[in-house]
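Subject: Structure handover

Hello,

Here is the structure I said I would pass on. Please open it beside this email and follow along as you read.

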Amino acid sequence: MSGVVDNDPGKLPRSSRGDDAVQGHWLLARLGKRVLRPGGIGLTRTLLADARVPDADVLELAPGLGRTATEILARRPRSYVGAEQDPDAARSVRDVVAGRGEVRVADASDTGLPDASRDVVIGEAMLTMQGDPAKHAIVAEAARVLRPGGRYAIHELALTPDTVSDEVKTDVRQSLARAIKVNARPLTVAEWTRLLTDHGLVVDRVATAPMALLQPRRLIADEGLPRALRFVINLSIHREARRRVAQMRSTFRRHRERLIAVAIVAHKPAGDAG
């Protein structure tokens, strides 16, 4: 992408779409943002601590650019496998995990891994982007590949409070679709919890954080000051990208009382081998 400053563009998933049409998370990645999780790197680290990654066989679903893969590998798992549907993104993550893990091109609902072969399954900011049938298929796959006692850890966008009306849910979802060009379907915390328990998982921990993805303080905390400044410079160069990001920020601000980030860790009960 011409004019972008220090973004490693050759390592990013390619898209023929311009800044006005590309999905919001890839637009932010083009501009240099690496942490694309609703609760920021802080909630990711809380999630990984609760999931007990060290010495575990870990599967990450849809690792994207590999930012969380870096955090996982720093905790010294026994093994790492990423399942990424986008071939370009998979190549990017292979560079991150080279010699320390495997990345396969596979759908999150059909990883090809054996039953009961993983101690931890991690998925961030990806179930939100799925409709209800796909959400259930992905959670079912996570439960299938987990060993008894294994943990499934998710980090997603959530609606609050749990009693939010269907009318408000529709308004938020339509606003997000217009802003980020993805049919995002966040659930309430109670609904996320029920999604996991519907597949026989037992919820152990729930943590929340503000949805402040594009707030200056969060940007610096997630990216560090030098990369945050490069992101701002890139934003200033590209008018259409700047318009899109302003629209995203406006949407998040408009719904700030309704949107939060949630991290949930659940386990597969001992004795459940199915």
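This is a predicted model: local features need pLDDT of at least 70, side-chain atom pairs count only at pLDDT 80 or more; totals for chains, interfaces and linings use all residues.

Lysine 181 has a positive phi of about 60°, although it is not a glycine. As a general rule, most residues other than glycine have a negative phi. With a relative accessible area of 35%, lysine 181 is partly exposed.

Arginine 76 is another non-glycine residue with a positive phi, again about 60°. You will find arginine 76 in the loop between H3 and strand E2 (79-84). Its relative accessible area is 66%, so arginine 76 is exposed; the cut-off for that word is over 50%.

One peptide bond also deserves a look. Threonine 160 and proline 161 are joined by a cis peptide bond, with omega about -5°. Most peptide bonds are trans. Proline 161 sits in the loop between strand E5 (146-159) and helix H6 (166-180).

Next, the helices.

Which residues of helix H7 (residues 189-197) are buried? They are Val189, Glu191, Trp192, Leu195 and Leu196. Viewed down the axis of H7, these buried residues fall within an arc of 165°, so they line one face of the helix. The buried residues of H7 pack against several elements: helix H5 (132-145), E5, H6, E6, E7 and strand E8 (259-267).

Helix H8 (residues 216-223) can be read in the same manner. Its buried residues are Arg218, Leu219, Asp222 and Glu223. They cover an arc of only 105° around the axis, which puts them on the same side of H8. Arg217 and Ala221, on the other side of H8, are exposed. Among the elements that cover the buried residues of H8 are helix H2 (40-51), strand E7 (202-210) and helix H9 (225-237).

After H8 comes glycine 224, which has a positive phi near 85°. How do H8 and H9 pack, in angle and in distance between their axes? The angle is about 125°, and the axes are 7 Å apart. H8 and H9 are therefore oblique to each other, and the crossing of H8 with H9 is right-handed. On the H8 side, the residues that meet H9 are Leu219, Ile220 and Glu223. Their partners in H9 are Leu225, Arg227, Ala228 and Phe231. The residues of this contact divide into 5 nonpolar, no polar and 2 charged.

The crossing of H3 and H4 is right-handed. Ala69, Thr70 and Leu73 in H3 meet Val93, Val96 and Val97 in H4. The residues of the contact of H3 with H4 divide into 5 nonpolar, 1 polar and no charged.

Two single residues complete the tour.

Threonine 68 is in helix H3. Is threonine 68 buried or exposed? Its relative accessibility is 3%, so threonine 68 counts as buried; the limit for buried is under 20%. Leaving out residues up to four places away in sequence, threonine 68 touches Arg37, Thr44, Leu48, Glu60 and Glu124.

Histidine 25 lies in helix H1 (residues 24-30). Histidine 25 is partly exposed, with a relative accessible area of 28%. Apart from neighbours within four places in sequence, histidine 25 is in contact with Leu36 and Val182. Histidine 25 and isoleucine 72 are 47 residues apart in sequence, and their C-alpha atoms are 21 Å apart in space.

Regards

Key:
Residues are numbered from 1 along each chain as its sequence is written. Side-chain values use heavy atoms; hydrogens and water are left out. Buried means under 20% relative accessible area, exposed over 50%, partly exposed in between (1.4 Å probe, protein chains only). Helices (H or I, at least four residues) and strands (E, at least two) are DSSP runs, numbered from the N terminus. The arc is that of the directions from the helix axis to the C-beta atoms. Contact means heavy atoms within 4.5 Å. Axes are lines fitted to C-alpha atoms, for helices over the stretch in contact, and angles run from 0 to 180 degrees between N-to-C directions. Angles under 35 degrees count as roughly parallel, over 145 as roughly antiparallel, 65 to 115 as roughly perpendicular and the rest as oblique. A crossing is left-handed if the near helix is turned anticlockwise from the far one by less than a right angle, and right-handed if clockwise. Ala, Val, Leu, Ile, Met, Phe, Trp, Tyr, Cys and Pro count as nonpolar, Asp, Glu, Lys and Arg as charged, and the others, Gly among them, as polar.
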